[in-house]
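Here's a friendly walk through one protein model, for anyone meeting it for the first time. Have a look at the structure, then read on.

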Amino acid sequence: MTSTGSAQPHESAIGHVTGRAPFIADLPTRRDELLVGLVTSTVASGRLLAVHTEAARALPGVVAVLTAADIPGARHFGPLVADEPFLAIDRVDYVGQPLAIVAAQSAQALQQALALVQVMVAPEAPLLELDDAMTRGAFLTAPRRISRGDAADAMARAKHVRRGTLHVLGQEHVYLEPQSTLAIPGDHGQLDVHVSTQGPSETQHVVASMLGKGLHEVVCSVRRLGGGFGGKETQANLPAACAALVTHCTGRAARLVYDRGDDFRRTGKRHPFFARWTVGFDDDGRIEALQVELFADGGAFTDLSPSVMDRAMLHVDNAYFLEHVDIIGRVCRTNHAPTTAFRGFGGPQGVAVIERILHDVALACREQRPAASPTSLWQVQHANLYGAAPRDTTPYGQVVQGNHLPELLRQLRHESDFDARLSAIERENRQPSRWLRGLAMTPVKFGISFVATFMNQANAQVLVYPDGTVQVSTGGTEMGQGLHTKIRQLVADVFGIAPVHVAMMTTSTEKNHNTSPTAASASTDLNGAAAVQAAEIIRGRLARWALQHWSLPHTDVDAANVQFAHGALRHAHHPALSLGFAEACSAARFDRVDLGARGFYATPGLAFDHGTGRGTPFRYFTQGAAVAEVRVDRYTGMVDVPRVDLRIDIGRSINPAIDRGQIIGGFVQGLGWVTTECLVYDHEGALLTDSLCTYKVPLATDAPAHFRCVFHETEGPTETVARSKAVGEPPLLHALSVFGAITHALSCVSPHAARRLCLPATAEEVLRALSWADTPVESDAWWMHSARAVTAHAPRA
Ligand code: MTE
Ligand code: HPA
Ligand code: MOS
């Protein structure tokens, strides 16, 4: 019996539900510990004239008030470009930007001191809208391009041509545990940083460079995160560095834990996107040419935006073959907190765009040839799916191998009774009624691997003890997604022991160094493979030791003949020769066998060149599709989702219980993004929706009443650990089926309403779109403005 493939409970399940699993804020108070708070900007843009700290410093109980001038090392940081100041230097660039750090002995002294720091700023007009940033030429990146064929020429020859736009808004991560760090002074000027980060190595790097220390002087440890969802891939680094600076300057332990409102206001969110396209297609709705321009709101600093844009551009094809295509992407600079990684990492925005394009094409087909097919979005989607060569190559040149979508979609269409329900809904929508219904089937193909090729690496350490128990350490962090549970199962199976005998240890840079953040859904692929490799090294040593121990003749000394199962070692051809695993470990140690090993894994076969926009960025694709049914209230604009059928290919599941949790949780998180989660700022750039009273995340009661989720049975890819496929991010994209269904519902009223719908489809947005039901988008000044702005800055070949 192997444990891989079985529904083991999450290793911290009981700790999570009883509240016994400690997070940073729960760690016991250290002697002399200081509480840390940040003074942040209330102005979105301006020159920083002065920060007066004297009054705050003089307050009893205040131990330090620090500004940029107190930073001993680098004053800027950033994962790709070091353009973000730790503490504002001569200007402020968003509301919530840290300006000064206060450290105090009590919460009361801290609150008083924060209010006493005086900040002098000469305000300037902020750039708050993506449209304005485009018009004024405020960009964080040069344009990037992925193209194939000759889109301009094919467009000129296409029978039908349409232009369109889509606005997609951002999303707040709402991890349960806000950004948190506890910094503790170590020996010889070293620092121990306990931090809720997805990327301990990057946090270590950022802290060390700010303090002017060597990497060997900073240890970052992560027991667990109360959720990250991408929001702690890079953005844990700033608060961690602030706490570390306090420890560095005072020699005392320092803890910084954001409260919910501060976390909302200070941290970056999912990238809002604006897309504009021209699409050429034939009578069957088959795309002949596509030109797309994507603009992302990167906020004030670069952060991960170029990589997010890369992934968005790499997902504009989604499940469809685009023969002549030209995709241009550019990141705009605005005066918002720098936008960052969020589950899907640009992929959801890219897929939202192509799905709207196909919707637009389907509506145009209906308008132009009312009597003939295709009459539905589904027919247009189907006509464009990837298929056999030559229709199997992505715009960036990677061949879509193991394409399960045609079969998966066939099964989903059947099991969801799609055709019959679609006709019934369209018939019903013709009756005058308060309720509109909508139905859409949306495929998703999500590329697995970091888009930055070098990041696809991991190391692991496995220690076997003489009682037959095992400790595993990797650079992967546990944030609720079940990584530790899965690695535990994989390692237990290598030794043929029960998972309870394997402990997953705190992630720490002193054991696993130079690691990539836990992101891109690839952590099991990477860390799992490294851990299995380390365990196999030890198993090999134990096997060779056992053969000697059994004094077998030379003909039998093939270590592969030693089997590890059911907690014992056994010789394949001599059943009498067996040893308990613990007994073997103890005896092997006595014989001086090394029972510890490291593994290293680097994903093979990857190469992507941003310059040419070509290569193999992904090891494989996780594929799936969902059919969503929605009900729209025409009076209030409210949407509910009575039914979803989802089918996803995640290869051979390592842990079906955890994977199911990822699928349902990811879908519901995406449901929030496409329906109710709406970030609203005031005209000065302050976030108005800075609490869960005004920012509407989905509740359990908002989840589809009927939610059927099926693993599509396949053999699984041969090149991944245990033939599994990544599951972390893809389910979020499946919520685009809900957005498609809402668009479908509106299209039954008018194609113009459908074309106007922006994402998220909040109640207000649905009403707005419906109120424009009689006006074609082309006649709208706003639309033309956006189109012109994009054109003015569109790069030329
Ligand atoms: N699930 C939980 N419970 N909490 C999280 O923070 N993050 C998501 C996803 N699922 C997240 C989650 C994101 S953004 C990613 S990239 C993956 O988990 C990362 O973990 P993995 O590589 O182990 O799938
Ligand atoms: N996904 C998530 N995080 C990343 C990626 C990616 O593709 N590339 C760099 N950081
Ligand atoms: Mo996930 S957005 O790659 O942390």
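## A buried alanine

Let's start with Ala-753, which sits in helix H20, spanning residues 751–756 (helices are DSSP runs of H or I with at least four residues, strands are E runs of at least two, and both are numbered from the N terminus). Ala-753 counts as buried because its relative accessibility is 0%; buried means under 20% relative accessible area, exposed means over 50%, and partly exposed is in between, using a 1.4 Å probe and protein chains only. Setting aside residues up to four places away in sequence, Ala-753 touches Leu-746, Ala-769, Leu-770 and Ala-773, where contact means heavy atoms within 4.5 Å. Phe-295 is 458 residues away from Ala-753 along the chain, and their C-alpha atoms are 23 Å apart.

A word on the ground rules: this is a predicted model, where local features need pLDDT of at least 70, side-chain atom pairs count only at pLDDT 80 or more, and totals for chains, interfaces and linings use all residues. Residues are numbered from 1 along each chain as its sequence is written, chains are lettered from A and ligands numbered from 1 in the order in which they are written, and side-chain values use heavy atoms, with hydrogens and water left out.

## The whole chain

Zooming out, the chain has 22 helices and 31 strands. Its C-alpha atoms fill a box of roughly 85 × 75 × 50 Å along the principal axes. Of its 797 residues, 61% count as buried. If you look at contacts between residues at least 6 apart in sequence, 79% of them join residues at least 24 apart.

## An aspartate with partners

Asp-649 belongs to strand E30, residues 639–649. Is Asp-649 buried or exposed? At 0% relative accessibility, it counts as buried. Its side chain makes a polar contact with the side chain of Lys-725 at 2.7 Å, and also reaches the backbone nitrogen of Gly-651 at 3.0 Å. (A polar contact is a pair of N or O atoms within 3.5 Å; within protein, one must be able to donate a hydrogen and the other to accept it, and residues adjacent in sequence count only if both atoms are side-chain atoms.) Beyond its neighbours within four places in sequence, Asp-649 is in contact with several residues, including His-404, Leu-408 and His-712.

## Around ligand 2

The shell around ligand 2 has seven nonpolar residues, no polar ones and two charged ones. Among the residues around this ligand are Phe-345, Phe-450 and Met-455, with "around" meaning a heavy atom within 4 Å.

| Residue | Atom of the residue | Atom of ligand 2 | Distance |
|---|---|---|---|
| Glu-233 | polar side-chain atom | nitrogen | 2.9 Å |
| Arg-311 | polar side-chain atom | oxygen | 3.0 Å |
| Val-451 | polar backbone atom | oxygen | 3.1 Å |

On its own, ligand 2 has 260 Å² of accessible area, and the protein covers 99% of that (Shrake-Rupley method, 1.4 Å probe).

Most peptide bonds are trans, and most residues other than glycine have a negative phi. The bond from Ala-389 to Pro-390, though, is cis, with omega near 5°. Leu-759 and Pro-760 are also joined by a cis peptide bond, with omega about 10°, and Pro-760 lies in the loop between H20 and helix H21 (763–771). Arg-592 has a positive phi, near 60°, and counts as exposed at 79% relative accessibility.

Terms used: Nonpolar A, V, L, I, M, F, W, Y, C, P; charged D, E, K, R; others polar.
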